[in-house]
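Here is a short briefing for a reader new to this structure. Please keep the sequence and the 3D view side by side as you read.

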Amino acid sequence: MLVRNWLMNIHLVPRTLYLTRHGESINNVLGKIGGDCELSNRGEKYVSALADLINNQNIPGIRVWTSWLKRSIQTASGIEAPQERWKALNELDCGDFDGMTYDEICHKYPAEFAARDLNKLTYRYPGGESYQDLVARLEPVIMELERQGNVVVIGHQAVLRCILAYFMDKPLSELPYVKVPLHTLIKITPVAYGCEVEYISLPIDAVDTHREKPYAPTHRQLRIKSQIVRELSDRTAESLNMGPKDTVVNTVGAPQISLRNRN
């Protein structure tokens, strides 16, 4: 099976994958996550600039893939190429926190906010998804991309992080922090033993939605109660393969795990 998949994905002709986020959206400007909103004025300018850039390249056999969300479809509207809509390319599902800002989540749900900073890869939004869930959802999309020719993918921050991490061979621990700026076209060209990656920034301002990986804060710095710290520590312990005498020290940030001698 592995050999067959490998043979199916061999390319004998050059190809290029183009990745870009949708144009800046109204929710981006407001600092809200998720939603299915319209583009901002600057986002609409990016639609025209992106179309001019792609259309003037005369890329043979170019195809465009978007998600089902309006901001992705709108961003593709000016590109003169066959287009496909993929529900699997929809942004990471924020569940109960859809439409909220990070500040709102931090103040209303401090335990959830701290839990996500503790392990962004495995954290699952209440009623939503984790990055691990998203990676599983995107697996068939990535396999299909491996078999395609020249494709423009107009997606979302978390989605493009997963795709970029795959083609750049990033470790899973780094995946949630891969930078994918707005109004930037990312050109990926497969070469022997890897990929060449080029970032093409278009001269249209946009907000910066990237959050750096946090340091390991204490519960006092996060302004959360000791009881919440214990809840987070219990959640960490439940996700690990631990012996009956192993413990997770009550902490927020990088958990300190005390393992007993099991011999």
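Y125 counts as buried, at 4% relative accessibility. This is a predicted model. Y125 pairs with Y123 in an edge-to-face arrangement.

**Aromatic rings**

- The count of aromatic pairs comes to five.
- One of them joins F97 and Y109, and this pair is tilted. The ring centres are 4.8 Å apart, with 35° between the planes.
- This pair links distant parts of the chain. F97 lies in the loop between β3 (83–85) and α5 (102–108). Y109 lies in the loop between α5 and α6, and the two residues are twelve residues apart.
- F97 is buried, at 2% relative accessibility. Y109 is partly exposed, at 38%.
- Y123 and Y125 stand 5.5 Å apart, centre to centre, with 80° between the planes.
- Y123 is buried too, because its relative accessible area is 6% and the cut-off for buried is under 20%.
- Ring pairs join F97, Y109, Y123 and Y125 into a cluster.

**Nonpolar cores**

- In soluble globular proteins, nonpolar side chains tend to be buried together.
- The largest nonpolar core here has 38 residues. Which of them touch the most other members? They are L17, L19, L89, L145, V153 and I163.
- Three strands, β1 (17–21), β4 (151–155) and β5 (184–191), each supply at least two residues of this core. So do the helices α6 (110–118), α7 (131–147) and α8 (157–167).
- The largest share comes from α8, with eight residues.
- Leaving aside neighbours within four places in sequence, I163 is in contact with L17, L19, L89, I142, L145 and V153.
- A second, separate core has 16 residues. Among them are I62, I79, V152 and L202.

**A nonpolar patch on the surface**

- I26, V29 and L30 form a nonpolar patch on the surface. Together they have about 250 Å² of accessible area.
- L30 belongs to helix α2 (residues 26–30).

**Salt bridges**

- The whole structure holds ten salt bridges.
- E24 and R42 meet through their side chains in one of them, at 2.7 Å from N to O.
- That pair links distant parts of the chain, 18 residues apart. E24 is in the loop between β1 and α2, and R42 is in helix α3 (residues 41–55).
- Is E24 buried or exposed? E24 is buried, with a relative accessible area of 1%.
- E38 forms a salt bridge with K70, and their closest N and O atoms are 3.5 Å apart.
- This pair also links distant parts of the chain. E38 sits in the loop between α2 and α3, K70 sits in helix α4 (residues 70–75), and 32 residues separate them.
- E38 is partly exposed, with a relative accessible area of 36%. K70 is partly exposed, with a relative accessible area of 35%.
- R137 forms a salt bridge with E129, the closest N and O atoms being 2.7 Å apart. E129 counts as buried, at 15% relative accessibility.

**The loop between α8 and β5**

- Most residues other than glycine have a negative phi.
- D169, in the loop between α8 and β5, has a positive phi of about 55° although it is not a glycine. D169 is exposed, at 67% relative accessibility.
- H183 is found in the loop between α8 and β5. Its phi is positive as well, near 55°. H183 counts as buried, at 2% relative accessibility.
- V178 is also in the loop between α8 and β5. Why does V178 count as buried? The relative accessible area of V178 is 9%, and a residue is buried if this value is under 20%.
- V178 is in contact with R161, L164 and H210, leaving aside neighbours within four places in sequence.
- V178 and A158 are 20 residues apart in sequence. In space they are 8.8 Å apart, C-alpha to C-alpha.

Definitions and conventions:
Residues numbered from 1 in each chain as written. Predicted model: local features only at pLDDT ≥ 70, side-chain atom pairs only at ≥ 80, totals over all residues. Heavy atoms only, no water. Core = buried A, V, L, I, M, F, W, Y, C linked by side-chain atoms within 4.5 Å. Buried < 20%, exposed > 50% of the residue type's maximum accessible area, 1.4 Å probe, protein only. Helix = DSSP H or I, 4+ residues; strand = E, 2+ residues; numbered from the N terminus. Contact = heavy atoms within 4.5 Å. Patch = residues over 30% accessible without salt bridge, like charges linked within 9 Å, V, L, I, M, F, W, Y side chains within 5 Å. Areas by Shrake-Rupley, 256 points an atom, 1.4 Å probe, with all protein chains shown as cover. Salt bridge = Lys/Arg side-chain N within 4 Å of Asp/Glu carboxyl O. Phe/Tyr/Trp six-rings, centres within 6.5 Å; stacked < 30°, edge-to-face > 60°.
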